[in-house]
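Here are my notes on this one, point by point. Have the model open while you read.

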Amino acid sequence: MTSTQTSSPLPFLKGHGTENDFVIVPDADNAVDLPAAAVARLCDRRAGIGGDGLLHVVRSAAHPEARGMADEAEWFMDYRNADGSVAEMCGNGVRVFARYLQHAGHVTAGEVAVATRGGVKRVHLDKDGSVTVSMGRALLPEDGVTVTVDGRSWPARNVNMGNPHAVAFVESLDHAGSLFTEPPYSPAEVYPHGVNIEFVADRGPRHVAMRVHERGAAETRSCGTGACAVAVAAARRDGADPALTGTPVTYTVDVLGGTLIITEHPDGEIEMTGPAVIVAEGTIDPSWLADGEIETVND
C-alpha cells in the first residue's frame, strides 16, 4: 500500500462515557492511516481536539486485525491511547463506540456486537440511554505487584480484562497522589507491556470508589475495564466469588466522572452498565491535515 496526503477534511465526533472522553474517527473502509503521532496530536487537549483516547471506527472486514471476527461483528473498534499507542480494549470506549453506531444510523436500540482486540463484545443499547456491555471474563494471574506512592506501598491484585490491571485497596483515594505519571510498581516484569493501575477505597457494602492511571493516558476520569477489574478484585477480597456461590454479584463503582454498575455472573461473564454520550461532531481543518500527520491509504 502507498500513503498519500489528503486535502479533504477529516470527519470526527467527540463522545464520553462517565467523562472518559474520546475522539471518534469514522472510517468504514479503513482508508485513513493514523500513525501514533497523529493520534497523539488529535488527542492533545491544547493543540488538538482532546481526548483520553481515539476510537477508529472501521468495518471488521476492512481491517486485518478484525477480519476473523467479521462474521460475528460488522464493526471493529480500533482503539488507541492518547499517546498514540495501540490498546487491546477500553470499556467506556466500547459504550461510546456503540452509541456512535446508533447515532450514525448503523444500528438501532437493542443488541449489537463490536469487535475489539480483546475479542467480540456484546453491547445492549437501552432505551433509557444507558449502555450495557458484556465485558467477557476476568483472568486472575497469581503474580501481583507492589505499588508505591509517596513512600506508601500496597499489594496490587493482578486482574486481566483483555488488558492488564493492578488493583490496590487504599484507605483514601488521596493516597494515589497526582497520578500525572505512572506510579512505580515491582516486580516490573509482571507487566512487560505496562499496566493500568487502580486505587480503590470502600464507600459501603458492595460500593467502592476508584482513581486510575491508565497506561498511555495518565489519570483519566473513568476506566471501564478498570471498574470491572476493581469489582472482581473487591468481590474476591470480600469472599464473593459467583463461580462458587452460584449467585451474581454486583458492585457500584464510583469514578471521577460518574458511576458504573458492574455485575459478575456465575459463569464468569461480567457486565458493565453506564452512560455514553455523543457531544459534538465536525471536521478537522484541511490545512492541519496537510502537515502530513494524517494520511489516506490507497491500495
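1. Which helix and strands each supply at least two residues of the lining of the second largest cavity? They are α3 (224-237), β17 (249-255) and β18 (258-264). Helices here are DSSP runs of H or I with at least four residues, strands are E runs of at least two, and both are numbered from the N terminus.

2. Some housekeeping before going on. This is a predicted model, with local features needing pLDDT of at least 70 and side-chain atom pairs counting only at pLDDT 80 or more, while totals for chains, interfaces and linings use all residues. Residues are numbered from 1 along each chain as its sequence is written, and side-chain values use heavy atoms, with hydrogens and water left out.

3. Back to that cavity: its volume is about 40 Å³, and α3 gives the most to the lining, with 4 residues. The residues around it are Cys228, Ala231, Val232, Ala235, Val249, Tyr251, Ile262, Thr263, Glu264 and Ile270. By class that makes 8 nonpolar, 1 polar and 1 charged (Ala, Val, Leu, Ile, Met, Phe, Trp, Tyr, Cys and Pro count as nonpolar, Asp, Glu, Lys and Arg as charged, the others, Gly among them, as polar).

4. On terms: using a 1 Å grid over the protein atoms alone, a cavity is a set of points where a 1.4 Å probe fits but cannot get out, whereas a pocket is an open set with protein on both sides within 12 Å along at least five of seven lines; lining residues have an atom within 4 Å of a point. Points are joined across faces, edges and corners, and a volume is the space filled by probe spheres set on them.

5. The structure has 2 cavities of 30 Å³ or more. The largest holds about 60 Å³ of space, and its lining includes Tyr79, Met89, Cys90, Glu214 and Arg215.

6. Now the second largest pocket, at about 210 Å³. Of its 14 lining residues, Arg45, Asp52, Ala217, Ala218 and Glu219 are the closest to its centre. Strand β16 (residues 218-220) brings the largest share of the lining, 3 residues. Overall the lining has 6 nonpolar, 2 polar and 6 charged residues.

7. Have a look at glutamate 269, in strand β19 (residues 269-275). Glutamate 269 counts as buried because its relative accessibility is 18% (the cut-off is under 20% relative accessible area, with a 1.4 Å probe and protein chains only). Leaving aside neighbours within four places in sequence, its contacts (heavy atoms within 4.5 Å) include Arg137, Thr263 and Glu264. Thr263 and Glu264 also line the second largest cavity.

Conventions
Buried means under 20% relative accessible area, exposed over 50%, partly exposed in between (1.4 Å probe, protein chains only).
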